[in-house]
Structure formats: structure tokens, C-alpha cells
Amino acid sequence: MAVGQRTSDDASAPAQGWGLNTWDSPWLNFKFLLGAGIVLLILLFGLVGPLFWDTDLAYTGAGPLNKPPVWDEGGLPEHPLGTESNGRDMLAQLILATPSSLKVGFLAAIIGMGIGMALGSVAGYVGGWWDHVIRTLSDSAVTIPALVVLVVIASYVQMTDTTAMALILALFAWPGPTRLVRSQVLTLRERSYVRMAHLSGASALEIMFVEMLPNMLPWLAASLTGGISAAILGATGLEVLGLGPTRVPSLGLIINQATTNAALVRGLVWWWLPPIIILMVIFVGFFLMTIGLDEIANPRIRQFSSTRRERTAAGELPPVEPIEDGTAGEEEAALEVDDLHVHYFTPRGEVIAANGVNFSVRKGEILGLVGESGCGKTTVAMAILQVVQPPGRIVQGAVRIEDRDLVSLSGRDLRQVRWRDLALVPQGAMNSLNPVTPIREQMADAILAHENIGRAELEQRILNLLNDVGLPERVIDMFPHELSGGMKQRVCIAMSIALNPQVIIADEPTSALDVVVQRVVAQTLLEVKERLGVSMVMIGHDMGLQAQLVDRIAVMYAGNLVEVAPVESAFAEPLHPYTQLLIESIPSIRERKPLNVTEGLTHDLRDPPPGCIFQFRCKHVERICRERRPELVERDDDHLVACWLYEPERHSLIESEEA
Amino acid sequence: MRGLTKEYVLQRFLMYLLTIWLGSTLIFVIPRLAPGDPVSEMVGRLSLDSGYIENADKLIASWKARFGLDAPIHVQYFRYWGNVFRLNFGYSLSHFPTEAWSMVSRALPWSLGLLTVATVLSFSIGVTVGSLMGWRRTPRWLQMILPSSLAFTAIPYFMFGIMLIYLVAFELDWLPATGAYSRRVDPGWNLPFIKNMLSHAILPVVSIVLTSMGGWALGMRGLMISVNNEDYFLLAQVKGLSPARIFFRYGVRNAILPALTALALGLGGLISGSILVEFIFAYPGTGYSLYQAIISQDYTVTQAIANLIILVTATSVFLLDLLYPFIDPRITYKRTMR
């Protein structure tokens, strides 16, 4: 195990380099905090400025004309940022203008948010006619070019102060929040805790504020920061056009005066540039806050950025070393899985999802891989297919088809083997077909990636495949949303046999279907297997179904194989205590027995105990089980088990060690 | 079942009418809700400018009669709608014998050209960048470079435009700063004119594209990340398809659907922003004309342009809506099911 040991040590190192936002509150998002800091700083400039600088200098005639800033030639120390063509001091103007620009934005966005929350929650919660009206109104209002209407309004209504401006801007600030709150309420309404609150008699307002609001908070905050910057942009736009309040200083007004006085042509950079810089800093601040909040609200984005970091870390690991003595497996094996280790490099440590899994699938047989949820059976399937998703990674082992190790293949070599030799019937047939392309194209895709055939032949082949799984020919032109769950799953089966692969991995192929359809799909799988003589790995947790379908069964517990046996002997004479437990828990109509349910996993997958993996749930646990890991050993004819109970020498093993 | 259904088209068309009605009504109602009325306001401003106007009261009364502002508000409203429908807004006040509509229609091609080019460029570049950013298989060097294209995302178009004018037009003198073409070329389908016209369009287009593509990119990145986790995306990998095919047919093809919705919803904002860009670059499109109409207090032209912009925006959204069922087969299906 020297190799495995080293690899896992190296891999755990980068996991410690994780930043703030993993073990602390998600609000400690770097972008959000940076943005908030920038906005606060700008606000502070406007609020504290008047204490240090005489803002009366912001008015006409307060100083000499067109003086450059102090660091330029001709600049005056009493006007550090220079003066413009009316003799107004630039620093004083900026100090007065900044807070008023911010105020308009905050006010308009908060009013808009208030309206939006009221309308959105009514639409989402009350629904019906109200929802229809509010949704239609906000959908169409959101497409009206706001500034056009604002400009027209502003040309009639003399806006005297920033509050009037904010009120008018708020006219266009409500549709966004309304749409957001509505969709959030609709989603949250279906969550069980909200339903529970409803059943327990909480009032609509209570549910809204206690159950829903906290869950929408990041979304609302992102919408608010986005709204503030949109409102500042609208206000500044009006001011730049000279349609804002002209008596109150504002950043847009300074730009307007600069451009109408040809400051650009005259080279008076210090006139037009500083307000633009301040505005840009404000917008960058709000923008950072918004995307930070987006990451807080949408964990997938956060996860993606972090798995990229993880992948970089995992990418530095040495590549998996091929196992040389690979011929140890059986001669007639179609697929060999050899000492497979898959680890997930999560922020909280390295999760061992598959720990030295060994098995082979013989030609023409169905091997069942069973175990409770989370035991690693799907991880093994993904590892065989070479699609372990980051932060997961195969750290050791080999997956062989016809003496080619898939783990060591990549790029074009791997693509060639995929589907031609190794196909998949996926777990979630509901979502495994591309929703926007017809079945024809999805099946053609798989065939054309590996074979070069003409159109007519391709069409005939697809029709034959559909026929093979008992689907009518018209399915070829249908879209996934037009098919039922069972039909989709049969399309997936048809697709999997398109290239006559050596091995098909069927990942819980029937789990999402109702019982009758389950039978049809299982029957289809069996027929296909009989006709083509294909080998199959059938993953599932339904022992009853497995008993009817598979030839041999492999039982997995906490990332380890604990028993591999022909299905008859596994059911007649299960050796491992965990297999016994699984078989006992199959419900039976003939006798009512108490459900023998014990608690699920009892150890931490990041830190498996020494000794047997099942020790905490096992009735027969002995001293050696706590100290040494049992190997998978053949105890009966073709019946392998990893359990000390069947090792006659187990007592002497411990004693000899102590001696 | 697929493509357009009568019901879907009808529903979208009603939305189209509603949007136009809402926008035009806002333009009609808000000025009348405000204290005072547009005419008194205008005359008041005139007298502020010139000091004093003789017979201001008579002037106000006659202008009110001229615009029908003395009629009851509902009569005004119906007349207003009659005008909007016939695209008849009367004569321009500042260029009297010219009709408001003819002034507007002269400006429209410039804006349409500028905005179409800018929107298509910014959307397609943004979507490409975002898709690559959200794809697990994007080469690492590309992943490092791509975020730099977001640098100008937070900056409003027109501010970026001012800086571009200053740097590229005045300091470096590479491109013309303002206008749609120089006086020295003859407008028409000749090469010098087209070259001249294009050189004038570069800076406005660049300032819109560079500042708006980041928004599309960020949105697309999030959508692409979601698609990355879909079962069909995984199955496409297992099928042994080439990365390019997975990326386009399974990734982008699905992720772009909400982005197109966002485009339809964002058109209004884009057009709003372009008004300021036209103002900054003195580009003779509708936005610039709107500004000029407002500073010359040309009441009729202002109305005409505002309504036209609302109409054009709503039409583009409507066309995008009609396109959508062809890209997403599920849209009309759901509706016919219920």
C-alpha cells in the first residue's frame, strides 16, 4: 500500500489551503466584501469631506478659472484638484456631488424593492388572477426602454431635488424585484418546511417573513445592489443630458457642464475625468457586490470556482501508476476492476468513496453491484466510465477492457473506447437526454462519433434499435419531453446497444420508474443482454430486482466490496453479516416480519477505522475485526467474502502479531 | 406540437401590444400628473430664458388649443392613441414645415445600424466567453485569460465613450470623435463614404460592446455551470463525443436559452444606454435626435421619437419571442398540454 499511502498524503495537503468562505458564513465572500468596502469608502469621502474642505468653493466665482490640479504646472495649492471654467473648485464640487448621486440610487432602488416585494409575494403566494396580472405587467414593463420614458418625463417635470428624481426612477425599479420575488416564492412554497409551517397554521405574513425571507436574502441583496447601480446609472444619464436637478450638484451634472463647455477638446482633463472616475469606482463596487452575492445565492457557481482550484491542486498529483501484474484476473473477463481507489477532495477533508475495489465481469454475465445509498456504487460506475466529477479523482487502480487500462487513456484514445466498448444506461433517464434535440440526433451522435456511415443506413439502424427495445418508429422524431419516463429509459437502452459494446453499465436503470414500468424496462434489458451476449454491471439497491436479473452479485459497503458471489449462493447462504442484513430486509408478502433496520453508516468516510469497515454495525464483532482489515478471500466455490468470521486462523493471527 | 402554435403567437402578440400601450401611456400620463402642464412649463422656461414674454397667458391658451390640451383628459388620450396608431405626430415645432415623423425616420437607420451591430457583437462575444468560462474542459491558459475580458463590465457605456473619445480621437487622433460621417464625403453607396461611415461607427460600437459583453458572459457562465452538472452532459461524455460537439450541442445549445430570454428582457436597457452613447458621440440617431428635440423643446418630435423607440424595442422583443419556440421545443409544448 506504499503507493496509496503517499498519494493520499500528498493530496490532503492542498485541501488545507482553502480560504475563508468554506468553513465560515457564506457572506464572507471576498468579492462581496471588497465591493462593499469600495462603496463605503466612496460614501465616507462624501460624508467626511465637508468637515475638511470648504464646500462653498463649489459655487461659481469662488476661484480663478481653469486652473489645473496642484501636481500640474500652474496648479494652486488652495485648489488641489483644480477649478473649471466658472471658477468652481473641483474638490468641493466632488465632495458635494458624490453623496447626492448615491442617495438617488439607494432611494430609488429601495422603493422599487419594496414595491417588488409586495407585488412579487402577492403574485407568488396568492397566485391565480393576481399572479397573471402582475406577471404580465412586470414582464412587459421590464422591456420598456426606461431612459426614453425618463427623458420625456424629465423634459416636462422640472425636478427640483434628488427625492423627486428618485421617485421617478423608482417607476422602473420595481419589475426586476417583482419577477425575482415571485419566482422565489413559487419555488420556496413547495419546500417541505414551508408546507409544514402552513399546515401548522402560520399566517401568510408569518410564513413570508419567517420561513421565506431569510432564504431569499442573498437573491434580494443581489437584486438590490444591481438595482442601486441601475438607478444611479439612470440618474446620472439624465444629469449628463442636462435633464436632472440643476441646482443640486451631482456627478452627472459636472460631466454635463464639462461636455457642453467642450472640456474634452480644450484639454481640461481635470474637469470631466474625476467625476467619471468616482462613478466608475462606485459602479465597480456595486458590481463586485452583485457578483459576490450571486455566488452566495447560487452555490453551484461557488462550487465551480472552488473545484477549479481543487482540480489544479489534484492535477499536481502524480498520475495514477499502471498496475503491472494485471493478468491476475480471469481469462474470460470482459471487464476487470483492479484495486480501484476514488477519493473526493472536499474542503473538509478527503472522502474515500472507493477503497481498493476489485472485481471482474465475465463475458455474457450480469454482475449486480449493490449496497445502500452512499456506499460508493455510483462512484465505482463513474470511475469505470472515467467520468468521476471533480473534486473526485481516481487515485489508484486500473479498469481493463480487453487488456486496455482505461485509467491510463485520455483524449482521443479514451473517446474511441467509450461507447464502442463500454456503454451506460444512466440513472436519471428523465434528465439524461438532451432536451432540445430530437431522439434521432442523439442516437446518431453516438453512432457517428465512432463509425462513418451514410444517412440511409444510419436512419435504418436507429429504427432497428428502437424496434429492439419495443418502441414505435415515430419516436425517432420526437423530443425527450414528449416521451414518458419508461420510454425515455428504453431510448437510453437502445442507445447503449447502438455499437454492440462489450460492457454496459446500468446505473440503477429502473429506480425512478413506477413498478409496472420497472418490469418492462428490466425485461427489455434482459432481452437485449440475451440477444447480444453483452456483459453488464447492474447497479442498484433493490435486492429483489437484483435477485431476478443478475448472475453474480457484489455487495459494497462504505467504499469496500464485502462479498462477491453467484446470486443463488448469495441469497441462499449469505456469508457477510451486511449481506445477511440486506437480504433480511427484503419485504415479503407471506410473512410479516419486523423491519430489521439499523442505523446507516456509523463511521466518518474521511477517516475509516482500522480493522473491518462494518465493525460498528456487526453483531459478531471480535477483537481482530477492530484491528485488522479483512481481505476479500474465496471461502466457498466462487464465493468471496471479506470477513474474519470465516478465517479459522483468526485468533492465532492476532496472537502471533503480539508475540 | 413544435414550432409556433396559434395560442403562443396570440399570447406574445398581446404582450407586445401591452408593452407598447404601457410605455406610451406612461409618456402621456406622467407629464399630466405632474403639477402644472407641459405648455405652461415650456412657456415658463421660455420666459426664463428671454426674460419676459408678452401675453404669456394668451400664448399658453393658444398652444394648449393647438395641441388639444384644453380638451378633457380622456379625449386627449384617445386622440393621442389615434396619433400613435397613424404614426402622425404633427409638425416639428423647431423645424416647422417638417413633419415630426419625417425627422424621426431620418434618424432611425443610424440607430438601428449602430445598435444591431453592437448588440449582435456584444451578445455573441459575451456568450462565447461565458460558455468557455463555465466549461470544465476549457484549457487552463484560456481560463486564466478570459476573465480579463470582463474588465470594463461595470462601467456605463457613455463614460467609457467619453474616455475613448479623449484617448483615441483627441490624444492619439486615430479615429473621428463625433458624427456619423464627415462633411467632405458624399453620402451614398460609394467606397469612400462607407469607409468613412465605418470609421465613425467604430468608437460608439466599441464602447457599447466592451462594456456590455461582460454581463452576458457572467450570465452565460452561470448557466453553463448548471448544464455541466446535468445528466445529459455526462452521458454525452460517456458516448465518446468530441469535446467540441459536447460543448456546442449539449452545453451551449441548452445554456443559451435563458440567455436569449435575458437578451429580450435587456433590449430596453441596451437602447436606453445607446441614447447616451449617441449623445456623447453626437451620432445622428434617434437618441441624439431625442436629446436635441428636448433641448429645443420640440414637443411633437419628442413624443414621436419616444413612441418610436418603444415600438422598435417591443417589436424586437416580439420577434425574439417568435424565434424562441424554434430553439426550445419545450416552450409551446407545455402550453398546448395545459
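Helices (H or I, at least four residues) and strands (E, at least two) are DSSP runs, numbered from the N terminus. Keep that in mind for every α and β label on this tour.

This is a predicted model, in which local features need pLDDT of at least 70, side-chain atom pairs count only at pLDDT 80 or more, and totals for chains, interfaces and linings use all residues. Residues are numbered from 1 along each chain as its sequence is written, while chains are lettered from A and ligands numbered from 1 in the order in which they are written.

**Stop 1: chain A as a whole**

Select chain A. Its secondary structure comes to 24 helices and twelve strands. Of its 659 residues, 47% count as buried. A residue is buried if 20 or more other C-beta atoms lie within 10 Å of its own, exposed if 12 or fewer, and partly exposed in between, with C-beta atoms placed from the backbone. Now think about contacts: two residues are in contact if their C-beta atoms, placed from the backbone, lie within 7 Å. Among the contacts in chain A with a separation of 6 or more, 69% are between residues 24 or more positions apart.

**Stop 2: the sheet**

Stay in chain A and show the strands. Eight of them form an open sheet, in the order β6-β7-β8-β3-β9-β10-β12-β11, with mixed pairing. Two strands pair if DSSP finds at least two bridges between them. Which are the edge strands? They are β6 (422–425) and β11 (633–636) of chain A, and each pairs on one side only. On average, neighbouring strands of this sheet are turned by 25° against each other, direction ignored. Axes here are lines fitted to C-alpha atoms, for helices over the stretch in contact, and angles run from 0 to 180 degrees between N-to-C directions.

β6(A) pairs with β7(A) in the parallel sense over four bridges. Find A:L424 and look across to β7(A): its bridge partner there is A:I505.

Next, select strand β3 (residues 366–370) of chain A. Five bridges join β3(A) to strand β8 (residues 535–540) of chain A, and the two run parallel. Here A:G368 stands opposite A:M538 in β8(A). β3(A) also pairs with β9(A), in the parallel sense, over four bridges. On that side, A:L367 has A:R552 in β9(A) as its bridge partner.

Move to β9(A). Six of its six residues are buried. A:R552, A:A554 and A:M556 point one way, while A:I553, A:V555 and A:Y557 point the other way. β9(A) runs antiparallel to β10(A), joined by six bridges. A:I553 stands opposite A:A565 in β10(A). The hairpin of these two strands has two residues between them, and A:A558 takes a positive phi near 50° there.

**Stop 3: helices across the sheet**

**Stop 4: helix α17**

Select residues 455–468 of chain A, which make up helix α17. Which residues of α17(A) are buried? They are A:I462, A:L465 and A:L466. Seen down the axis of α17(A), the buried residues fall within an arc of 100°, so they line one face of the helix. That arc is taken from the directions from the helix axis to the C-beta atoms. On the other side, A:A456, A:E457, A:Q460, A:N464 and A:N467 are exposed. The cover over the buried residues includes α16 (439–448) and α18 (485–496) of chain A. After α17(A) comes A:G470, with a positive phi near 80°.

**Stop 5: a loop residue**

Pick A:V248, in the loop between α10 (204–240) and α11 (251–260) of chain A. A:V248 is partly exposed, with 19 other C-beta atoms within 10 Å. Leaving aside neighbours within four places in sequence, A:V248 is in contact with A:S100, A:D161 and A:T162.

**Stop 6: where the chains meet**

Show chain B too. Here 66 residues of chain B are in contact with 62 residues of chain A. Helix α10 (residues 243–281) of chain B gives the largest share of chain B's side, 13 residues.

How values were computed. Expected span 1.5 Å × (residues − 1).
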